Amino acid sequence: MRVPDDRLLITVAPTGAETAKADCPQLPTTLEEQVATAVECQAAGAAMIHLHIRDDEHRPTLELARLKDAVDGIREATELVVQLSTGGSVHDPLDARLKVLDAEPDSCSLTMGTTNFGDDVFLNPWPFVCELYQLSQERGVVPEFELFDLGQVHALHRLLDKYGLPAGGKVHCDLVMGVPGGMNGTADSLVAAVAALPDVTTSWSATGIGRSTLAVALAALSKGGHLRVGMEDVLTLSRGVPVESNRQLVERVVELGRIVQRTPMTPAECRELLGTST
Ligand code: KMH
Ligand code: ZN
């Protein structure tokens with residue numbers, strides 16, 4: 001099955017690792033809240049979930065048993081492609097981030113280099129990137145290459161030249177734009193990054209952090225790309241108007257897609273697009 005060109009992959013990133021539950025009570029942090037969010041986002045048009053999990057105090061964690069519970073819970077309740085974050089929080093050690101693959105997700109995020117992340121550093125040294133990539137190949141987990149700047153796009157060329165194609169044979173990238181320290185969230189930056197993607201790229205999405213969310217979404221749609229949205233990336237609908245649910249953000253880009261005649265991709269089509277085995 002070839003996925004028709006008019007399909008729009010919407011990935012929802014509902015939680016992230018940066019926002020405190022105390023500051024945003026509507027952020028889904030418990031397993032029950034994340035499963036409920038997944039169900040309603042699938043109904044709204046999402047086909048994949050990019051997931052960070054939290055502990056009982058709502059703090060970011062990479063505890064393996066909880067990761068497995070999250071993968072199982074979302075698989076039982078939805079058909080969404082389950083992508084676990086290997087980025088975690090800026091405080092997570094590299095070895096714990098490698099162990100995320102033990103939870104056997106369909107997909108994992110894989111950031112292509114170290115980036116300043118606001119006042120923090122999101123550490124992705126080259127040997128770690130290579131190890132995580134080879135592990136994903138061995139385990140049959142499809143990576144989504146997270147690209148925070150143009151240098152990381154070129155690092156992806158280097159990775160693919162050295163180690164070959166990912167599990168499943170497809171190359172799916174996500175441009176993460178507007179992080180203070182990474183590329184800015186503008187149409188100009190998006191066009192430059194898309195032009196630099198490896199020729200073997202089979203699909204790409206983009207996400208604009210914070211106030212760049214709509215500019216990036218519109219630019220990505222104009223270039224034929226896919227979209228990631230969610231409360232990991234943005235907490236206001238417009239100035240002073242808080243996001244109440246991830247579903248709202250999915251619905252908003254479904255509407256943008258409708259305007260440009262793109263139909264939300266189903267999870268089955270997403271599996272075909274990404275080459276996941278499940
Ligand atoms: N939380 C950020 C430090 C990923 O999920 O792979 C990293 C991040 C990227 O969110
Ligand atoms: Zn993430």
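Visitor: Which strands do the buried residues of H9 pack against?
Guide: In this predicted model, the buried residues of H9 pack against strands E3 (48–51), E6 (81–84), E7 (107–111), E10 (142–147), E11 (172–177) and E12 (203–208).

Visitor: What makes the buried residues of H9 one side of the helix?
Guide: The buried residues of helix H9 (residues 267–274) are Pro267, Cys270, Arg271, Leu273 and Leu274. They cover an arc of only 160° around the axis, so they lie on the same side of H9. In general, an α-helix has 3.6 residues a turn, so residues three or four places apart point the same way. After H9 comes Gly275, with a positive phi near 75°.

Visitor: How do you know that the span of helix H8 agrees with its number of residues?
Guide: H8 (residues 246–259) has 14 residues, and at 1.5 Å a residue they should span 20 Å. The end C-alpha atoms of H8 are 21 Å apart, so the two values agree.

Visitor: Which residues of H8 are buried, and which are exposed on the other side?
Guide: Asn246, Arg247, Leu249, Val250, Val253 and Gly257 are buried in H8. Their arc around the axis is only 160°, which puts them on the same side of H8. Glu255 and Ile259 are exposed on the other side. The buried residues of H8 pack against several elements, among them helix H1 (31–44), helix H7 (213–222) and strand E13 (226–229).

Visitor: Why is Gln261 called exposed?
Guide: Gln261 has 8 other C-beta atoms within 10 Å. A residue with 12 or fewer counts as exposed, so Gln261 is exposed. Gln261 sits in the loop between H8 and E16. Its phi is near 60°, a positive value in a residue other than glycine. Most residues other than glycine have a negative phi.

Visitor: Why is His58 called partly exposed?
Guide: His58 has 16 other C-beta atoms within 10 Å. The cut-offs are 20 or more for buried and 12 or fewer for exposed; His58 falls in between and is therefore partly exposed. His58 belongs to the loop between strand E4 (53–54) and strand E5 (60–61). The phi of His58 is also positive, near 70°.

Visitor: What makes Gly240 exposed?
Guide: The count for Gly240 is 6 other C-beta atoms within 10 Å. Exposed means 12 or fewer, so Gly240 is exposed. Gly240 is in the loop between strand E14 (236–238) and strand E15 (241–242).

Visitor: Why are H5 and H6 called roughly parallel?
Guide: Helix H5 (residues 150–163) and helix H6 (residues 187–196) pack at an angle of about 10°, with their axes 9 Å apart. Angles under 35 degrees count as roughly parallel, so H5 and H6 are roughly parallel to each other. In the contact, Leu150, Val153 and His154 of H5 meet Ala192, Ala193 and Ala196 of H6. By class, this contact has 5 nonpolar, 1 polar and no charged residues.

Visitor: How do you know that the buried residues of H6 are on the same side?
Guide: Ser189, Leu190 and Ala193 are the buried residues of H6. Their arc around the axis is only 100°, so they are on the same side of H6. Asp188 and Ala195 are exposed on the other side. The buried residues of H6 pack against E10, H5, E11, E12 and H7.

Terms used. Residues numbered from 1 in each chain as written. Chains lettered and ligands numbered in written order. Predicted model: local features only at pLDDT ≥ 70, side-chain atom pairs only at ≥ 80, totals over all residues. Helix = DSSP H or I, 4+ residues; strand = E, 2+ residues; numbered from the N terminus. Expected span 1.5 Å × (residues − 1). Arc of directions from axis to C-beta. Contact = placed C-beta atoms within 7 Å. Axes fitted to C-alpha atoms, helices over the stretch in contact; angles between N-to-C directions. Parallel < 35°, antiparallel > 145°, perpendicular 65-115°, else oblique. Nonpolar A, V, L, I, M, F, W, Y, C, P; charged D, E, K, R; others polar.
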